[in-house]
Each structure stands twice: as structure tokens, then as C-alpha cells.
Amino acid sequence: MNWQPTTNQETRQLRAQMNHDIRTFFHQRHVLEVETPALSQAGNTDPFIQSFQLLNSIATNNTSRFLHTSPEYPMKRLLAAGSGDIYQICKVWREGEAGRNHNPEFTLLEWYRVDYSVQKLMQEVSDLLHALLPSLEKKDKKFTYEQLFLEKFDLNPHIAKHADIVKCTNTSIPSLETVDLDRQALLDALLTHCIEPDFESDCLTFVYDYPASQSALAKIRERKDKSSVAMRFEVYLGQSELGNGYQEETCYQRNKDILQSENIQRQKLNLENVKQDENFLAAAKSGIPESAGVAIGLDRVLMALSGINTIQKVINFPWDVA
Amino acid sequence: MATYNTSEFKSGLKFIMDGDPYTIVENEFVKPGKGQAFSRVKIRNLKTGRVIDKTFKSGDKVEAADVMEIDMEYLYEDGEFWHFMEPTSFEQHAAGEAAIEDVKHWLKAQEIYIVTLWNNAPLSVTPPNFVDLKITECDPGVQGNTAQGATKPATVETGAEIKVPLFVEEGEVVKIDTRTGEYLSRAKES
């Protein structure tokens with residue numbers, strides 16, 4: 001049997017140091033470390049994230065439980081209960097996400113800041129990543145989603161006609177069949193195949209103001225030209241996507257509508273319905289404070305720290321040998 | 001009909017696309033932070049050998065190809081077909097010109113080749129990396145000339161033309177790398 005870890009001792013030491021540095025960072029800023037359940041009665045309804053399900057176990061009384069894909073729902077319950085600023089370092093699971101940059105089980109750092117704007121949170125993400133990665137010397141780059149598409153394709157992703165996005169995709173990614181792709185999938189393809197590879201390799205790139213259709217649980221803001229954008233950002237180190245942050249949606253009705261619309265979209269995509277988190281919705285009804293939150297993939301940060309370019313080599317026992 | 005989902009993609013997986021069998025050479029999973037994931041693959045057409053790029057949306061399905069790679073002994077050619085045999089079952093397969101085109105000059109009776117079968121018919125043939133072949137034609141050897149790198153043309157029993165060092169004689173058996181067509185050494189006496 002190949003029982004040995006895929007990491008070396010140096011990488012293990014770097015991980016321990018990284019975790020220590022993160023805890024110091026948040027301790028100094030008076031952000032409280034918390035824990036929430038990994039195995040919950042409800043799952044993530046996001047149609048593009050698949051939860052692992054534990055089925056028909058005697059211990060769960062013949063109902064299924066879901067391994068969390070992020071601690072978002074219970075951490076927001078803590079916010080609603082008056083926890084104030086909180087962070088968590090935990091393992092999360094996403095079915096089917098495997099590759100050189102993905103392991104179905106991975107480590108997430110997620111934190112929430114009460115009364116923060118998403119801009120202020122972006123600054124804090126930058127502060128943390130620069131503290132963890134002192135070799136990052138270049139100034140961060142910041143682009144709106146719109147700017148990236150205008151510069152690369154002369155295409156406005158918020159108002160372009162579907163046919164024009166299809167045409168752009170066919171020209172830019174000839175290897176992709178575009179017939180059954182909707183607007184979001186086409187934009188996702190252009191972003192991942194054509195725009196991300198252009199990001200500078202040795203600095204942080206922030207992308208913000210996503211299409212409103214990709215808001216997930218982020219607030220939506222109307223702009224002067226009447227188009228709407230999601231108050232969401234992604235942070236990249238080089239071409240590697242490290243994390244995703246929101247101006248958190250605090251309106252109960254909109255949170256409820258999003259979960260329901262996600263399950264409707266699941267149906268369209270022929271995916272199983274996921275039991276929505278009623279506890280989260282009840283907390284939202286009682287009132288989640290205005291806040292901004294973000295989740296960072298720590299295995300990818302460790303890849304940057306160690307200079308190792310496959311995620312399997314920074315995880316002691318990756319999926320295939322776990 | 002068996003199908004594969006993109007989450008089962010890995011190198012070596014064989015499937016049918018536009019009527020042709022393909023094998024996955026490289027598979028890369030890409031996903032924006034939120035939203036649609038894709039499998040970007042490099043795939044080789046098993047009929048033409050051409051490698052192309054293809055991007056699948058996660059969750060897409062492809063039809064599995066009934067492709068097998070089997071060790072077989074080469075028997076003979078009859079002018080139209082090249083005949084191979086499975087050494088254990090003695091089952092014989094006739095390969096057409098298209099399947100053996102690239103390896104025609106490396107076919108030697110009783111040698112073992114990897115024959116790729118698609119729907120039970122030979123699709124391609126891969127020779128062993130190293131073969132021992134007899135020189136059937138070359139200029140006489142120059143005794144004492146051991147100049148490094150000096151070579152002369154030679155023809156081997158299977159018809160392939162190779163370059164050999166000057167000291168090699170007609171009738172000798174030499175070891176050849178079929179991937180590069182290069183002479184490696186004199187074959188050891190068996």
C-alpha cells in the first residue's frame with residue numbers, strides 16, 4: 001500500500017506556521033475564532049456546488065445529512081445572535097471538484113466583519129494575504145468585472161445581447177460547444193479560459209461588481225445607468241483564485257428568494273433538490289447585522305507559500321489516497 | 001450504452017465523439033469562484049492520432065468507446081491484411097492498411113505488439129519500444145574505424161531504413177528504438 005503522505009515536512013511546517021499567523025492576525029484585530037457543524041440537516045442550494053450527502057444512517061434517524069461546502073449559514077446565525085466579528089478555519093467538502101487546483105475536501109478560512117463595507121473587507125483580505133505572503137511586493141490590481149470584459153473583448157457583460165456573448169465565446173474558445181450554455185455559463189467560460197490567464201502572476205488581483213445574476217447571497221446595487229451589479233469580489237493570486245467575498249444580503253425576503261430560485265435552477269439542470277437551511281432563514285428573519293464576509297482557500301495559499309503547483313502536494317493525504 | 005460523466009474524466013479514458021474514438025491525454029478542471037465548472041481536455045483521435053483541445057461543461061456526458069489494448073503476436077501479411085493473434089486464446093485479428101501504416105516497417109513475425117481494438121476490430125498497432133532486427137543491406141564495415149558518431153545507412157529485415165555505426169556488418173542483429181528509429185547497440189547473442 002502507498003500509505004505515505006504526499007507532502008514533505010517543509011510544507012507541513014509551512015501550513016502550521018500559516019495557521020498560526022492567521023490566528024495571530026485575527027487575535028490582534030479582535031475577531032473571534034468560532035466553530036460550527038460540518039454535518040448539517042440542510043445543504044447548500046447553490047446549483048454549481050454539490051454537497052456530499054450522508055444517507056439513511058440509523059444515527060441520523062433515516063434522514064440525510066449534508067457535509068458543509070462552507071460554514072456560511074451557521075456563521076450568519078452566529079452574527080444574528082450577536083457574536084460580532086468572527087472567523088473560522090475548517091475543512092469543507094465539494095463533490096466532483098477535483099484537479100490540479102481542486103481537492104474535494106479542502107481547508108477554508110471564512111470570516112465576517114460587522115458594519116464593514118465590501119471595499120473595507122477587500123483591504124483586510126489584502127492585509128492578511130500580504131502578511132502571510134511577504135514575497136508579494138507588487139501593488140494589488142483591482143478591476144471591475146465589466147472592465148475586464150470590455151478590455152479583453154469590447155463586450156459589456158451586463159448589457160450585451162445573448163447572441164453577441166455566444167459569438168464572442170465561439171471565436172475565443174473554439175473548443176467549447178456553446179449550444180446549451182446560458183448567459184452565466186458563457187461568461188464563466190470567457191472568464192476562466194481567456195481573462196484569468198492574463199492576470200499577472202506575482203500579485204493579487206481583485207475582481208468586483210459581478211453580474212447581478214451571479215450574486216449568490218451578496219447584496220445587489222443599482223448603478224447610475226440603471227444596470228445592477230452584485231456587491232461581490234473574487235481575489236486571485238496570479239491565475240489562482242483564492243477567495244470570494246460579499247457585502248452580505250441582510251434582507252430576509254431576498255435570502256429566501258435566492259435559496260428558492262437556486263433550487264428551481266437545480267431542477268432545470270436536472271440536479272437533485274437540496275433541503276434549504278430553515279435555521280439560516282429564521283436567523284435572517286430575526287435580523288443579520290450589516291456585514292461583509294469572505295472565504296479563502298488555504299490550500300491554495302499554501303501552494304503559493306511553498307511554490308508547489310499541485311494542490312495534492314500540499315495536502316497530507318489528498319482525495320485519491322485519503 | 002455506457003456513458004462517462006465529466007467527473008470521471010482522467011487520462012487514458014476512451015470515448016466516442018463525432019463517430020470517432022478518442023482517448024484523454026490531459027484533463028484540467030477549471031471553475032470560477034462561483035458558477036459553471038468546465039473540464040478542459042486534450043484528446044487524441046485514435047484513428048488519426050491527432051491531438052485536439054476540447055472543453056466540456058461539468059456534468060456533460062460522453063459515450064464510452066469499446067476500446068481495448070491487447071498484446072498480440074504478429075503472424076503474416078497477405079497483401080491486403082496484416083494478421084495478429086492473441087497468444088493465449090489463439091484468436092486471430094486482421095488489421096487493414098490504415099491500422100498498421102505507421103508501424104509497417106517494424107513488423108516482424110513472432111514479435112509481440114500492442115493492438116488497439118475498437119468494437120473488436122484493430123484500430124492501431126504499437127510496436128515494442130525496442131526490437132532486435134537483422135541488417136539485410138548495408139555497405140561493408142570499416143574495421144578499426146571507431147570515429148564517434150560516424151554512421152552509414154542500413155536496411156533491416158522488416159524494411160525500415162536506419163542509420164548504423166560504420167563497424168556494423170550486413171547480417172548482424174541490432175537493437176533499435178522503434179519510437180525514434182535509432183540504432184542502440186549490437187544485439188546480444190541469444
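Which residue forms a salt bridge with Lys138(A), and how far apart are the closest N and O atoms? The partner is Glu200(A), with the closest N and O atoms 2.7 Å apart. A salt bridge is understood here as a side-chain nitrogen of Lys or Arg within 4 Å of a carboxyl oxygen of Asp or Glu.

The model is predicted, and local features need pLDDT of at least 70, side-chain atom pairs count only at pLDDT 80 or more, and totals for chains, interfaces and linings use all residues. Residues are numbered from 1 along each chain as its sequence is written, chains are lettered from A and ligands numbered from 1 in the order in which they are written, and side-chain values use heavy atoms, with hydrogens and water left out.

## Salt bridges

Over all chains, the rule gives 31 salt bridges. Helices (H or I, at least four residues) and strands (E, at least two) are DSSP runs, numbered from the N terminus. The bridge between Glu200(A) and Lys138(A) links distant parts of the chain, 62 residues apart. Glu200(A) is in the loop between α6 and β8 (204-211) of chain A, while Lys138(A) is in the loop between α3 (118-132) and β7 (141-144) of chain A. Glu200(A) also forms a salt bridge with Lys141(A); Lys141(A) belongs to strand β7 of chain A and is 59 residues from Glu200(A).

Another bridge joins the side chains of Glu33(A) and Arg23(A). Because Glu33(A) lies in strand β1 (residues 32-33) of chain A and Arg23(A) in helix α1 (residues 9-28) of chain A, this pair ties together parts that are 10 residues apart in sequence.

| Glu200(A) | Lys138(A) | 2.7 Å |

For accessibility, buried means under 20% relative accessible area, exposed over 50%, and partly exposed in between (1.4 Å probe, protein chains only). Glu200(A) is partly exposed at 31%, as are Lys138(A) at 38% and Lys141(A) at 27%. Glu33(A) has a relative accessibility of 34% and counts as partly exposed; Arg23(A), with 34%, is likewise partly exposed. Elsewhere in chain A, a network of salt bridges links Arg29(A), Asp85(A), Arg113(A), Glu124(A) and Asp127(A).

## The interface of chain A and chain B

Chain A contributes 29 residues to the contact and chain B contributes 15 residues, where contact means heavy atoms within 4.5 Å. The size of an interface is often given as the accessible area lost when the parts come together. Here the two chains bury about 1,900 Å² between them, 56% of it on carbon and sulfur atoms; buried area is the accessible area (1.4 Å probe) lost by two parts on being put together, summed over both. Of the area that chain A buries against chain B, Phe48(A), Ser175(A) and His193(A) supply 26%, more than any other three residues.

On the side of chain A that touches chain B, the elements giving two or more residues are α6 (183-195), β10 (228-237) and β11 (240-247) of chain A. Helix α6(A) gives the most, with seven residues.

Of the 13 residues of α6(A), 12 are buried, among them Leu187(A), Leu190(A), His193(A) and Cys194(A). Cys194(A) has a relative accessibility of 11% and is in no disulfide, the nearest cysteine sulfur being that of Cys168(A), 7.3 Å away. The count of disulfides over all chains is zero, a disulfide being a pair of cysteine sulfur atoms within 2.5 Å. Cys90(A) is buried, at 10% relative accessibility.

His158(A) is found in the loop between α4 (145-153) and α5 (162-172) of chain A and counts as buried at 16% relative accessibility. Not counting residues up to four places away in sequence, His158(A) touches several residues, including Glu146(A), Arg183(A), Asp209(A) and Arg223(A).
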